[in-house]
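Have a look at it first, then read on.

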Amino acid sequence: MSSPVPVSGAVAESSSNAVTLSTSPTISAHSPGSYFGSMNRRLTSSFTAPPKTLKPFNTEDMKVLLLENINKTAIDILNQQGYQVEVYKTSLDEEELIEKIRDVHAIGIRSKTKLTAKVLREAKNLVAIGCFCIGTNQVDLEYAARHGIAVFNSPFSNSRSVAELVIGEIIALARQLGDRSMEMHQNTWNKVSAKCWEIRGKTLGIVGYGHIGSQLSVLAESMGMSVVYYDVVPLMALGTARQISTLNELLSVSDFVTLHVPQLPETHNLISGPQIAAMKEGAYLINASRGNVVDIRALVNALSSGKLGGAALDVYPNEPAKNGPHFVETLNSWIPELVKQKNVILTPHIGGSTEEAQSAIGVEVGTALTKYINEGSTIGAVNFPELSLRPLSADEEGHVRVLYIHSNVPGVLRTVNEIFADHNIEKQYSESRGEVAYMMADIADVTTSDIKTLYEQLYNTPFRIAIRLLY
Ligand SMILES: NC(=O)c1ccc[n+]([C@@H]2O[C@H](COP(=O)([O-])OP(=O)(O)OC[C@H]3O[C@@H](n4cnc5c(N)ncnc54)[C@H](O)[C@@H]3O)[C@@H](O)[C@H]2O)c1
């Protein structure tokens, strides 16, 4: 059993300098709970409010569980909101997880915690999941969406870290640094210059010019490389880089080819025998994208025949679930052949693994969670319609923000707007994604007793998945 790490200031004052705080509990289909908070519970002060102060609800009611040693940047953001934050350094076993998740409104995890339908079924108060990582396949996204739970992740916070690793690998391959270092560790002095190159003036071919590919382009040019790129969409070139219209042409002109495409059916074995054959003699291949993008058997053949001068791999079709001596034949049958090749740099999927990336992920996901909890914004959600409204301000007395997650069926807005008929709808947006739709509306001229009525009427609509009223 893991022990919670004490979190200082877990129940703190709201970060807002609002002079008027109001309470707004979480209301969802599976948790009617105490759904009308105290509009009377106002704190007054002689302090003069700035004109557009945020108006958060009483955030100390929110309970957040953070597992798997999530970065301090996220803990600080969540604490500053006044949420009750409980932090564990490890993941929890399923039984403990089910016990803990029953009570919380938001949970933060990384890749080890499995949020299956079985676990989520017990999460009666849960409104949001933060995956403090890139992947989200550890969460049953569809179940979560159908039960009104928004899931956030951080797909791009580590782009710079990956780009820097690739720059390091370009130089390391050109100078055969991996082999020289291994030889020295085995007490062998092997001073050679044959087939060792400067990278200045060489051509870097980038396949996939997205977040990582485009950063890499800038870094590589600054070191004197000439950059070409291939992408399935036309993209503006940075610096003097040049887009090339076919993959084969890129392969035929590049001294280094680096892959930065997503995992898609079209990118499976994107680089196999024929593509390697199209590459220059002695060129180098780098893959820090996804393991299935390169046919590694074809790569091993090209390395052993001398067609390629070297390769760097950070990702593999099958990767071990934990650290240890697991990079063996039973994991991928070609491993014994691959590890014998000269000038091959193998790293354990560390492209995005830096302190800076972890800290940026903490900020991005921590902020997304607070914006969803406090304001209803789902921008960045991976399983939910993405929607946002500007925050309510302290001078907007008698306003209520309605967050209504519902089945994506005809007739919802008519029904909901009949419920709102006696109030002024100041803003209303709706967006759908698959079977689930999300409506945000700011309603004016609402009294405390109206809130209770509004809630009950919305709760009784047949399309309702979850409701929250923020005021
Ligand atoms: N090694 C690591 O630790 C690590 C860390 C972060 C990301 N990644 C991986 O790196 C890859 C790139 O990440 P990103 O953030 O730059 O993604 P991105 O979505 O920003 O960019 C991907 C680019 O690839 C292009 N593309 C898609 N299919 C293509 C095809 N068939 N041919 C050519 N271009 C194609 C897209 O149009 C897009 O411009 C992803 O696979 C991601 O999972 C790895």
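In helix H1, Lys 72, Thr 73, Ala 74, Ile 77 and Leu 78 meet Ser 359, Gly 362, Val 363, Val 365, Gly 366, Thr 367, Leu 369 and Thr 370 in H12. Contact here means C-beta atoms, placed from the backbone, within 7 Å. Those contact residues split into six nonpolar, six polar and one charged; Ala, Val, Leu, Ile, Met, Phe, Trp, Tyr, Cys and Pro count as nonpolar, Asp, Glu, Lys and Arg as charged, and the others, Gly among them, as polar.

A word on ground rules: this is a predicted model, where local features need pLDDT of at least 70 and side-chain atom pairs count only at pLDDT 80 or more, while totals for chains, interfaces and linings use all residues. Residues are numbered from 1 along each chain as its sequence is written.

The axes of H1 (residues 72–80) and H12 (residues 355–375) come within 7 Å and cross at roughly 25°. That makes H1 roughly parallel to H12 (angles under 35 degrees count as such). Axes are lines fitted to C-alpha atoms, for helices over the stretch in contact, and angles run from 0 to 180 degrees between N-to-C directions. Helices (H or I, at least four residues) and strands (E, at least two) are DSSP runs, numbered from the N terminus.

Seven strands make an open, parallel sheet in the order S8-S7-S6-S9-S10-S11-S12; its edge strands are S8 (242–243) and S12 (344–346). Strands pair if DSSP finds at least two bridges between them.

Another open sheet has four strands, in the order S14-S15-S13-S16, with antiparallel pairing. S14 and S16 stand at the edges, each with a single partner strand, so one side of each has no neighbour in the sheet. Two strand pairs, one from each sheet:

| Pair | Sense | Bridges | Bridge partners |
|---|---|---|---|
| S9 (256–259) and S10 (283–287) | parallel | four bridges | Leu 259 and Asn 287 |
| S13 (400–407) and S15 (436–444) | antiparallel | eight bridges | Val 400 and Ile 443 |

Definitions and conventions: Angles under 35 degrees count as roughly parallel, over 145 as roughly antiparallel, 65 to 115 as roughly perpendicular and the rest as oblique. Two residues are in contact if their C-beta atoms, placed from the backbone, lie within 7 Å.
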